[in-house]
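Take a look at the structure below.

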Amino acid sequence: MAKKQAVSFKLNGKDVDVVVEPRELLIHTLREKLQHTGPHIGCETSHCGACTVDLNAMSVKSCTVLTVQCEGACVLTIEGFAQSGELHALQESFHLDHALQCGYCTPGMITRAYRLLKENPNPTEEEIRYWMAGNLCRCTGYQNIVKAVQSAARKLSSAAAA
Amino acid sequence: MSEETLQRENKLEGVGASRKRKEDARFIRGQGSYVDDIKLPGMLFGAIVRSPYAHARIKSIDKSKALKVPGVVAVLTADDLKPVNLHWMPTLGSDVQAVLADKKVWFQLQEVAFVLATDRYTAADGAEAVEVDYEELPAVVDPRKALAADAPVIREDIADKDNVGHGPRTHPNHIFTWEAGDKAGTDAVFASAAVTVREEILNPRVHPCPLETCGCVASFDKVRGQLTVYMTSQAPHLVRTVVAMLSGIPESKIRIVGGDIGGGFGNKVPVYPGYVAAIVASIVTGVPVKWIESRIDNISTTGFARDYHGIGELAADSNGRIKALRFSALADHGAFNAHVSATKLPAGLFSICTGSYDIPKAYCRVDAVYTNKAPGGVAYRCSLRVTEAVYLIERMIDVLAQKVGVDKAEIRRRNFVKPEQFPYTTALGWTLDSGNYHVALDKVLKAVDYDGLRAEQAAKRASGQLMGIGISTFTEIVGAGPTKVCDILGIGLFDSCDIRVNPTGSAIARLGTMSQGQGHATTYAQIIATELGLPSEEIQIEEGDTDKAPYGAGTWGSRSTPVGGAAAARAARKIKDKAKKIAAHLLEVGERDLEWDVDRFRVKGNPAAAKTMKEIAMAAHTSNLPDGMEKGLDATEYYDPPNMTFPFGAYVCVVDIDKYTGETKVRRFYALDDCGTRINPMIIEGQIHGGLTEAFAVAMGQAVPFDDNGNHLGNSLMDYFLPTSVETPKWETDFTVTPSPHHPIGAKGVAESPHVGGIPCFTNAVVDAFAHLGVTHMDMPHTSFRVWQHCKSLGVNKR
């Protein structure tokens, strides 16, 4: 076993310190050491996106990021979306537009959609489908996910305009 | 209905309301509780050592290096499980399956040893360090070669058995022969028929692949002798019974807890070796043990579906009126017959294969065989073998249409069971309780402008373009089922609901089913709300914890609404009967003087004299009750359905195929479903979107391929096709409502229809694009490469 290393990063705005083996994946650190079980493991090969987190303002699949790569990073997970009890527009629209069923892909989906709307606040349906293609859902057929992202985009833009 | 009454009814959010889901609140916050989220004090992690070979003898297993890895606690093999007699386990198919390989391995990635360690990395290190010496044996991969005289014997352990639970075996690799219908009568019709057609009907091996893999946390409390297993099970009560039978622990001391499940689609019905190994490991060590399957292990070893190799035939008159259906198939069950089915139905519900059509004679024969592939299979988003059955009839009727030169919609109309024929008993013995097929088809054809599409297709064909129109007018069979026909391990497939109404008029209901995304906590509450006149918002639903919920067979085969939903309605009606007696007592009138009004009983002719269900709930907990009446307001129903339910639908798919790349673009998919009474239209639509997407996946890309030695050629998400948002088509949905006459609220179940009905619709569309070239057959999956190869062999893409 290789020597463990101390890693410090910001998780949903709070400083965290962990001691990990160099080979430990971020998803395992988040889920098993930091009790953030929102991001899930679906494939271990970066295909399904259930483990998607936002790392330094980029969507990453935390099953293929080493925790030691996260020194000094800013990590956002689904647990960081609701602010003082208020749901994020995406969380609300996923509920209202029935964009989830079993819920397993949902944290990754919302986290990915968050990055999409940060970079493209008014995406077309085609753009949404393209941007979300790294996140698999086995239940919804994506139609309502697209709808939810559109609803959230509208809501966020009107809030920004106000 | 008055405005005031309507308002009261809307407030209940009962049957028919697109009520938002109660489950969502935790999922959108990342607060779901899936099995891998569970962490118990002192918990060990189990990793499985798996076979690299599809068929081999195990000469030796050396654990010594693994045991030296710091953090590895134990390595279990079949020899360690033998003293407690848990190295083999019974399957749902009346066979046995090795929990850990016993002297032999029978399929690639089979479970050989179970390494226990303090965390998942160390467990993986330990598994790496276990040394197994194998002697490779020739493998049987193609089921068509399994019954050859010189085929290698796969199951030497049962070589001397001439019967493994379902009748005589004719070869060491043969499991059973299943027959249904009138063979002589059917053959006679074929012998004299004006027209006959024959086609290969292949459903390749696929996998349901829910986003969450299988797993469990087994926790044995040595002091109390109690076993708790948190697991991803679609059928927790049946699992508890199996575990009791296996372990000898009294069933009352076993608790299975479902929690949240990240999709099932059939994958999470059986009991897998990993669960048993984890349970044994926890019993041995006395600490909790977690086992979580990897994606590759999931696709490779647990819960494959289909692998059904058939020949379909239809006999008809010259107008395309079907006179008989004949079918034979080889079913590849892999190395152990772990096929999920009702005990008396080894080929499942395949005999629904006459579909929506009035077919006077039919005969089917299925031979199940062993191969050196993973055991199973499961019903992938369908009832037992119903996808295969519907694929057969919906493909064959298209083949017949092409042969007799009748339009593919018209030939269906000519053969439909007519509304006045219901209840209609099929040639294979099922009684279809209701249906209205002509209306459904006509509505869809009008919506898509079918005539216009055919005209466009003719023009495209004239200019060398490939456009296909697929139709599927399927009838499903779901809701297993009547206990006289359906049991598993002797346990009838009834289901249950236990409702308790609290003094303040809220209620909790517990059911024997298990949601995996279907939204039961939302929809069951709606059923009870309408029955009892209590707001659905105040009705809590619980499932999946066997210590709390009454016994039931779980959620699979679209059985939750047909069976669990019926139990909920009937338990509520028992409560309502008692409530009526209380209301009569309180209002000092006879029961016959009362009438039900949304949420209250009122005196006929004097609506102001009424008692609401909430008032009655309180009264039920006071001394002011009719003489001799027990306190409380609760009821339990164990519901044994009198028949299956038969949802149906009419689908149209339009595809454009690029003959130079083989790419198939789904231009339009219009799905009309009739699931009887609609409990929550929003959830129904969501289920249909999801089912159609899974149908698209199966038809257009899914297969679990092997080489001749039984090596997997694609068992990660790198290769196994799960459609993304980019390639998934847009779905248009529609409905008709033909209530089931025997279901308490007329509902039929819906989640599987789009998968079952969708698959042949896609194939029919792809084949239809080539129909003018005389093509009647193309095997799934219709990947671009395969379609391109087809274009090439037909010479249509020469420049």
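In this predicted model, 48 residues of chain A are in contact with 51 residues of chain B. Contact here means heavy atoms within 4.5 Å. How much area do chain A and chain B bury between them? The figure is about 4400 Å², with 54% of it on carbon and sulfur atoms. Buried area is the accessible area (1.4 Å probe) that two parts lose on being put together, summed over both. The size of an interface is often given in this way, as the accessible area lost when the parts come together.

Before going on, a few conventions. Residues are numbered from 1 along each chain as its sequence is written, while chains are lettered from A, and ligands numbered from 1, in the order in which they are written. Local features need pLDDT of at least 70, side-chain atom pairs count only at pLDDT 80 or more, and totals for chains, interfaces and linings use all residues, while side-chain values use heavy atoms, with hydrogens and water left out.

Now for the links between the chains. The rule finds 6 salt bridges across the interface of chain A and chain B. A salt bridge is a side-chain nitrogen of Lys or Arg within 4 Å of a carboxyl oxygen of Asp or Glu. One pairs A:Arg138 with B:Glu694, their closest N and O atoms being 3.5 Å apart.

Which elements give two or more residues to the side of chain A that touches chain B? They are α1 (26–33), α2 (89–96), α3 (106–119), α4 (125–131) and α5 (143–161) of chain A. Helices (H or I, at least four residues) and strands (E, at least two) are DSSP runs, numbered from the N terminus. α2(A) gives the most to this side, with 4 residues.

Next, look inside chain B. Chain B is divided into domain 1 (3–26 + 495–639), domain 2 (38–138 + 213–261 + 268–301) and domain 3 (304–480 + 643–794). These bounds come from an automatic or database domain assignment. The C-alpha centres of domain 1 and domain 3 of chain B lie 38 Å apart. Still, 29 residues of domain 1 are in contact with 25 residues of domain 3 in chain B. Together these two domains of chain B bury about 1800 Å², 63% of it on carbon and sulfur atoms. The count of salt bridges between domain 1 and domain 3 of chain B is 0. Polar contacts join 14 residue pairs there (both at pLDDT 80 or more).

Finally, zoom in on single residues. B:Val35 is found in the loop between α2 (24–27) and β1 (44–50) of chain B. Is B:Val35 buried or exposed? B:Val35 counts as buried because its relative accessibility is 4%; buried means under 20% relative accessible area, exposed over 50%, and partly exposed in between (1.4 Å probe, protein chains only). Leaving aside neighbours within four places in sequence, its contacts include B:Cys216, B:Tyr230 and B:Ile292.

B:Asn415 lies in helix α12 (residues 408–415) of chain B. B:Asn415 is buried, with a relative accessible area of 0%. Its side chain makes a polar contact with the side chain of B:Arg321 (2.8 Å).

Key
Polar contact = N/O pair within 3.5 Å; in protein donor to acceptor, adjacent residues only side chain to side chain.
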